[in-house]
Amino acid sequence: MEQMSVTARFVRPFVRVLSRYPDVAVKLDPLRALPPERRVDLQEAYDSVSHWVKSTGDADLGLKAGQTVCLGGGGVLEFAMHSAASLRESMSVARRYSRLFSDALEPKLEIEGDRAVVRLENKLAWPRAIADFRLSAWYTNHIRTQLADVPEVEVWFSFDRPD
């Protein structure tokens, strides 16, 4: 199986949230030092996030990290997506260039009747915290801004609602 990686930009939102936990914060310096353009092993990143969830006891760590994503934090991929004239074009850019962020991410836009459905699929099995992060970050930076005037936006998860 091909080794997959993710940009170090993926780590930054988790570091922001983990900085709130004194027992974990002291161990974050190596992650803070990662240049954003560096690639990190995807499975190791997933394992680290799973470890942080266990260490902090915070099952919603991914949702919280996704909410800290700031506009521009996604680099050139994010810029290209926000430069698109429509959600359809933005998703086309995302699908074509998602490997700039993660080798495993497979964003898709499907039209189902009068609904546009954005699916964030992954080539590698991901823990809940990663799925939470991806959806939360995607909503925070892309869907919320591009569809600010749309009255009915729904977000669906593949698991039960968190507390």
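Predicted model: local features only at pLDDT ≥ 70, side-chain atom pairs only at ≥ 80, totals over all residues.
Residues are numbered from 1 along each chain as its sequence is written, and side-chain values use heavy atoms, with hydrogens and water left out.

## Whole chain

Of the 163 residues in the protein chain, 43% are buried. Here buried means under 20% relative accessible area, exposed means over 50%, and partly exposed lies in between (1.4 Å probe, protein chains only). The accessible surface of the protein chain is about 9,700 Å², and 51% of this surface belongs to carbon and sulfur atoms. Accessible areas come from the Shrake-Rupley method with a 1.4 Å probe, and for residues only the protein chains shown count as cover. Contact means heavy atoms within 4.5 Å. Among contacts between residues at least 6 apart in sequence, 65% join residues at least 24 apart.

## Helix H4 and its ends

Helix H4 covers residues 42–56, which is 15 residues. The expected span of a helix is 1.5 Å times one less than its number of residues. For H4 this gives 21 Å, and the end C-alpha atoms are 21 Å apart, so the two values agree.

Leu42, Ala45, Tyr46, Val49, Trp52, Val53 and Thr56 are the buried residues of H4. They cover an arc of only 120 degrees around the axis, which puts them on the same side of H4; the arc is that of the directions from the helix axis to the C-beta atoms. Glu44 and Lys54, on the other side of H4, are exposed.

At the N-terminal end, H4 is capped by Asp41, with a side-chain oxygen 3.1 Å from the backbone nitrogen of Gln43. After H4 comes Gly57, which has a positive phi, near 70 degrees.

## Aromatic pairs

A pair of aromatic rings is described by the distance of the centres and the angle of the planes. Rings of Phe, Tyr and Trp (its six-membered ring) pair if their centres lie within 6.5 Å; planes under 30 degrees apart count as stacked, over 60 as edge-to-face and the rest as tilted. The count by this rule is four aromatic pairs. Two of them are tabulated.

| Pair | Centre to centre | Angle between planes | Class |
|---|---|---|---|
| Phe10 and Phe133 | 5.4 Å | 85 degrees | edge-to-face |
| Phe14 and Trp52 | 6.2 Å | 40 degrees | tilted |

Phe10 is in the loop between strand S1 (5–7) and helix H1 (11–18), and Phe133 is in helix H8 (residues 128–146), so this pair ties together parts that are 123 residues apart in sequence. Phe10 and Phe133 are both buried. The other tabulated pair also links distant parts of the chain, with Phe14 in helix H1 and Trp52 in helix H4, 38 residues apart. Phe14 and Trp52 are both buried. One aromatic cluster is formed by Phe10, Phe14, Trp52 and Phe133.

Helix H1, which holds Phe14, is mostly covered, with six of its eight residues buried. These are Val11, Pro13, Phe14, Val15, Val17 and Leu18.

## The loop between H4 and H5

Asp58 sits in the loop between H4 and helix H5 (61–67). Asp58 is buried, with a relative accessible area of 8%. The side chains of Asp58 and Lys64 are joined by a polar contact of 2.8 Å. A polar contact is a pair of N or O atoms within 3.5 Å; within protein, one must be able to donate a hydrogen and the other to accept it, and residues adjacent in sequence count only if both atoms are side-chain atoms. Not counting residues up to four places away in sequence, Asp58 touches Tyr21, Val53 and Lys64.

Ala59 lies in the loop between H4 and H5 as well. Ala59 is partly exposed, with a relative accessible area of 39%. Leaving aside neighbours within four places in sequence, Ala59 is in contact with Val53, Arg128 and Asp132. Ala59 and Arg128 are 69 residues apart along the chain, and their C-alpha atoms are separated by 8.3 Å.

Definitions and conventions:
Helix = DSSP H or I, 4+ residues; strand = E, 2+ residues; numbered from the N terminus.
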